[in-house]
Amino acid sequence: MSRRLPQIHGITEETIGPFQQEQLDLEFSNGERRHFQRLVSRGHGAVVVVPMLDDETVLLVREYAAGLHRYELGLVKGRIDAGETPLQAADRELKEEAGYGARQLDTLRALTLAPTYMSHQSWLVLARDLYPERLPGDEPEELEVVPWKLAELDQLMLREDFSEGRSLAALFIAREWLGRGA
């Protein structure tokens with residue numbers, strides 16, 4: 001079913017760190033009026049990189065996760081800087097966080113975090129044909145690089161220290177994409 005988007009009668013804005021918080025005065029097609037809040041990213045988005053060491057092995061990184069105050073396994077990820085494409089950002093982040101560059105990069109799709117109240121998007125990038133190259137990054141310590149077999153994704157998804165939704169979704173998407181011979 002296709003619905004007409006709600007009419008926006010007004011937007012109130014407030015800056016909160018890297019986000020713009022907006023309060024929307026909305027009217028839905030049935031005449032109901034509501035106020036919704038959303039966070040609008042002021043950046044250029046982010047990348048989540050699935051670096052394939054070989055046809056069967058993905059490289060994960062272990063880094064400090066301040067939100068949970070623990071070390072967390074996940075994929076290489078980071079923001080897209082001004083003037084960068086998602087592919088350029090993915091290659092840069094891969095070099096900074098894992099110490100590898102990629103000769104082949106493919107954008108698989110965009111992922112959202114919480115689209116009901118956030119505009120933020122992360123581009124899922126598959127990186128293959130890796131070669132060693134390290135760039136200085138913004139991490140306070142060198143990240144541990146952990147090779148993981150895609151065939152053991154069922155074990156990874158149940159680990160307590162692998163909980164980030166983008167990383168989990170990205171691995172399943174990449175595994176399916178690779179399984180189709182792309």
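Reader: In this model, which residue of β10 is the bridge partner of T57?

Author: The model is a predicted one, and in it the bridge partner of T57 in β10 is K149. This bridge belongs to the pairing of β5 with strand β10 (residues 144-149), where six bridges join the two strands and the strands run antiparallel.

Reader: What makes β5 and β10 count as paired strands?

Author: Two strands pair if at least two bridges are found between them, and β5 and β10 are joined by six bridges, so the pairing follows from that cut-off. On its other listed pairing, β5 meets strand β6 (residues 70-74) in the antiparallel sense over five bridges, and here Y64 stands opposite Y71 in β6. The hairpin of β5 and β6 has four residues between the strands, and H69 takes a positive phi near 50 degrees.

Reader: Why is the pair of Y64 and Y71 called edge-to-face?

Author: There are two aromatic pairs in the structure. For Y64 and Y71 the centre-to-centre value is 5.9 Å and the angle between the planes is 65 degrees; because an angle over 60 degrees counts as edge-to-face, that is the name the pair receives.

Reader: What makes β5 mostly covered?

Author: Strand β5 covers residues 57-65, and seven of its nine residues are buried, where buried stands for under 20% relative accessible area. For the chain as a whole, buried residues make up 39% of the 182 residues.

Reader: Why are β1 and β3 called edge strands?

Author: The sheet in question is an open one of three strands, in the order β1-β2-β3 and with antiparallel pairing. Strands β1 (7-16) and β3 (33-41) each pair on one side only, and they are its edge strands. Neighbouring strands of this sheet are turned by 20 degrees against each other on average, with direction ignored. Strand β2 (residues 19-27) pairs with β3 in the antiparallel sense over nine bridges, and Q21 stands opposite L39 in β3.

Reader: What makes up the lining of the largest pocket, and how do its residues divide?

Author: The largest pocket holds about 520 Å³ of space and is lined by 27 residues, among which A46, K77, G78, R79 and E93 lie nearest its centre. The lining divides into eight nonpolar, seven polar and twelve charged residues. At least two lining residues come from each of β4 (46-51), β7 (76-79) and α1 (86-97), and the largest share, four residues, is that of α1.

Reader: What pattern does the chain follow along the sequence?

Author: The chain has three helices and ten strands, and they follow the pattern β-β-β-β-β-β-β-α-β-β-β-α-α. The C-alpha trace spans about 55 × 40 × 35 Å along its principal axes.

Notes
Residues numbered from 1 in each chain as written. Predicted model: local features only at pLDDT ≥ 70, side-chain atom pairs only at ≥ 80, totals over all residues. Heavy atoms only, no water. Phe/Tyr/Trp six-rings, centres within 6.5 Å; stacked < 30°, edge-to-face > 60°. Axes fitted to C-alpha atoms, helices over the stretch in contact; angles between N-to-C directions. Buried < 20%, exposed > 50% of the residue type's maximum accessible area, 1.4 Å probe, protein only. 1 Å grid on protein atoms, 1.4 Å probe; cavity = no way out; pocket = protein on both sides within 12 Å on 5 of 7 lines; lining within 4 Å. Points joined across faces, edges and corners; volume = space filled by probe spheres on them. Nonpolar A, V, L, I, M, F, W, Y, C, P; charged D, E, K, R; others polar.
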